[in-house]
Amino acid sequence: MEIPWLARWQPQLLALLRIVTGLLFIEHATVKFWAFPAPFPMLPLTPMLTAAAVIELIAGLLITIGVFTRLAAFIASGEMAIGYFMMHAPQGFWPVVIKGEAAILFCFVFLYLAAAGPGAWSLHGALFRSRMSSIERFK
């Protein structure tokens, strides 16, 4: 069933999904690096957790502002898949029992963003529009 009035908002809703997901991803890095807004239970950070936090911080920032969204989301999706299979899956089968739902959701939302792109309200879109309008002025 098609919902025409809602379909008109698809680019903006995609942007909201991108922004909120990116901010939540950044929060995973701030917990690891600065114990904000809560302490991280696995301190000191191992090299692998440090690498994960770096990916979360950089990819989360790029996704939030909407620049290199597809690449950043693809890398973040891979990180979440690896994180799920390394940290959660060995504990059991059911994601809710092993606290792996967030990793699965992040993985597939980022995979969708890698395919769909940034949507509205992205820095990439703003830069591309301004570059295109300046090119069109010289035609």
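This briefing covers selected residues and backbone features of one protein model. The model is predicted.

**Residues in helices**

- Beyond its neighbours within four places in sequence, P11 is in contact with G119 and A120.
- P11 and I63 are 52 residues apart along the chain, and 15 Å separates their C-alpha atoms.
- The relative accessibility of S77 is 5%, so S77 counts as buried, the cut-off being under 20%.
- Once neighbours within four places in sequence are set aside, the contacts of S77 are C107, F110 and L111.

**Backbone geometry in loops**

- Most residues other than glycine have a negative phi, and most peptide bonds are trans.
- A35, which is not a glycine, has a positive phi of about 50°.
- A35 sits in the loop between α2 and α3 and is partly exposed, at 37% relative accessibility.
- F36 and P37 are joined by a cis peptide bond, with omega at about 5°.
- P37 is also placed in the loop between α2 and α3, the latter helix covering 47–65.
- F68 is another residue other than glycine with a positive phi, near 55°.
- F68 is in the loop between α3 and α4, and its relative accessible area of 59% makes it exposed.

Technical notes
Residues are numbered from 1 along each chain as its sequence is written. This is a predicted model: local features need pLDDT of at least 70, side-chain atom pairs count only at pLDDT 80 or more; totals for chains, interfaces and linings use all residues. Side-chain values use heavy atoms; hydrogens and water are left out. Contact means heavy atoms within 4.5 Å. Buried means under 20% relative accessible area, exposed over 50%, partly exposed in between (1.4 Å probe, protein chains only). Helices (H or I, at least four residues) and strands (E, at least two) are DSSP runs, numbered from the N terminus.
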